Amino acid sequence: MLKVSHISKSYGSIKAINDLSFEVKEGEIFGLLGVNGAGKTTTFRMIVGLLQPDEGTITINNKPIDYDISDDIGFLTEERSLFIKMTVLEQVLFYGNLKGLSNKEIEKRLDYWLDRLKIPEYKNEKIKNLSKGNQQKIQFIAAVINEPKLLVLDEPFTGLDPFNVDILMTALREMAVKGTIVIFASHRMEHVEMFCDRLLILVKGDKVLEGSLKDIKNEYLKKSIKIKGDIDIKKIKEIKGVERVIKTSDEIIVKVANIDIVKKVFNVIKNSKNIIKFEVEDPSLNEIFISKVGDYFEE
Ligand code: ATP
């Protein structure tokens, strides 16, 4: 288990992380979310041992992060850290050797991953000749070449098309099932929603929300109703608890404060003509994120 306990970190007068605690178990996929500058990269750097917290502790299976443990960690940084004049094989050998692996073992694992990520033809190609998305895949392979127990991924899906996002997510889920702890940051809420089991939202270094995706959605009371038909929008707007009514090209979206308001909206429109759709939806993670982060900035 990864245990982050009461860590804080300042850069001069800037408090980047303030008394942050969370735990991630083996096999869990954990998302760290936050707007730009919220403190995600700082947290990751402390977890992988590149930065020391000013206060607090970080342990993996009760052991502090040190050189012994770093061979069991994989880190995909947000910025590219590839030597563009090297070939893919040379690059991955370089990172694998740093982790103490033999050339034979590295090449075996590289062949597996190149096949898995559907780019076996690039093994002896120079990094600079690869597309951005394929460079991202090589960076990912470099991060997992040591079969890490803890895998930290800062924006892992950057530059990947939906097809490749899917391939990578599937591979990562398999690693999690085998016991890897996966922590990642992404600004793309649809990726977080598809991918993570639990998440934490940081705002200016403070934790503002933590929980499973399911619980977070259940606890967020606001709902959206999607309606198709000839309805009187004015009457809906007059209902107390209706927060917004949005008219799109083919339907009307009614944002309501909680499930009780759904019944009131239904009662108002039930005798309207041609109602062909009345659907209540949970909020998207995007909506929850904007609301939580927005609340904090408005305070
Ligand atoms: P992004 O989503 O933009 O990558 P982030 O959530 O990863 O942002 P951090 O990079 O951890 O955020 O930055 C947290 C805060 O610390 C910001 O206010 C940032 O300006 C500051 N910061 C980060 N690194 C340094 C540094 N080396 N020196 C001074 N301030 C820093």
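Figure 1. Glu-28 and Arg-198 are both buried (under 20% relative accessible area, with exposed meaning over 50% and partly exposed in between, for a 1.4 Å probe and protein chains only). The model is predicted: local features need pLDDT of at least 70, side-chain atom pairs count only at pLDDT 80 or more, and totals for chains, interfaces and linings use all residues. Residues are numbered from 1 along each chain as its sequence is written, and side-chain values use heavy atoms, leaving out hydrogens and water. The closest N and O atoms of the Glu-28 and Arg-198 salt bridge are 2.8 Å apart (a salt bridge is a side-chain nitrogen of Lys or Arg within 4 Å of a carboxyl oxygen of Asp or Glu). This pair links distant parts of the chain, 170 residues apart: Glu-28 is in the loop between β2 (14–24) and β3 (29–34), and Arg-198 is in strand β9 (residues 198–203). Helices (H or I, at least four residues) and strands (E, at least two) are DSSP runs, numbered from the N terminus.

Figure 2. The structure has 23 salt bridges. Between Glu-190 and Arg-188 the closest N and O atoms are 2.6 Å apart. Glu-190 is partly exposed at 37% relative accessible area, and Arg-188 is partly exposed at 44%. Glu-238 forms a salt bridge with Lys-234, with 3.8 Å between the closest N and O atoms. Both Glu-238 and Lys-234 belong to helix α9 (residues 233–238), where they are four residues apart, about one turn of the helix. Glu-238 is exposed, with a relative accessible area of 56%, and Lys-234 is exposed, with 60%. Elsewhere, salt bridges with shared partners join Glu-28, Arg-198, Lys-207 and Glu-210 into one network.

Figure 3. Phe-22 and Phe-30 are stacked, at 5.0 Å centre to centre and 10 degrees between the planes. Phe-22 and Phe-30 are both buried. The ring centres of Phe-184 and Phe-195 are 4.9 Å apart and the planes are at 70 degrees, so this pair is edge-to-face. Phe-184 is in strand β8 (residues 181–185) and Phe-195 in helix α7 (residues 189–195), so the pair ties together parts 11 residues apart in sequence. Phe-184 is buried at 0% relative accessibility; Phe-195 is buried with a relative accessible area of 3%.

**Figure 4. Ring cluster of Phe-83, Phe-94 and Tyr-95.** These three residues are linked into a cluster by ring pairs. Phe-94 is located in helix α3 (residues 88–98). With 32% relative accessibility, Phe-94 counts as partly exposed.

Figure 5. Among the 13 residues around the ligand, Gly-37, Gly-39, Lys-40, Thr-41 and Thr-42 come nearest (a residue is near if one of its heavy atoms lies within 4 Å). An N or O atom in the side chain of Thr-41 is 2.7 Å from an oxygen atom of the ligand. For the side chain of Thr-42, the corresponding distance to a ligand oxygen atom is 2.5 Å. Glu-78 has a polar side-chain atom 3.2 Å from an oxygen atom of the ligand. β2 and α1 (40–47) are the elements that give two or more residues to the shell around the ligand. With three residues, α1 gives the most to this shell.

Note on methods. Phe/Tyr/Trp six-rings, centres within 6.5 Å; stacked < 30°, edge-to-face > 60°. Polar contact = N/O pair within 3.5 Å; in protein donor to acceptor, adjacent residues only side chain to side chain.
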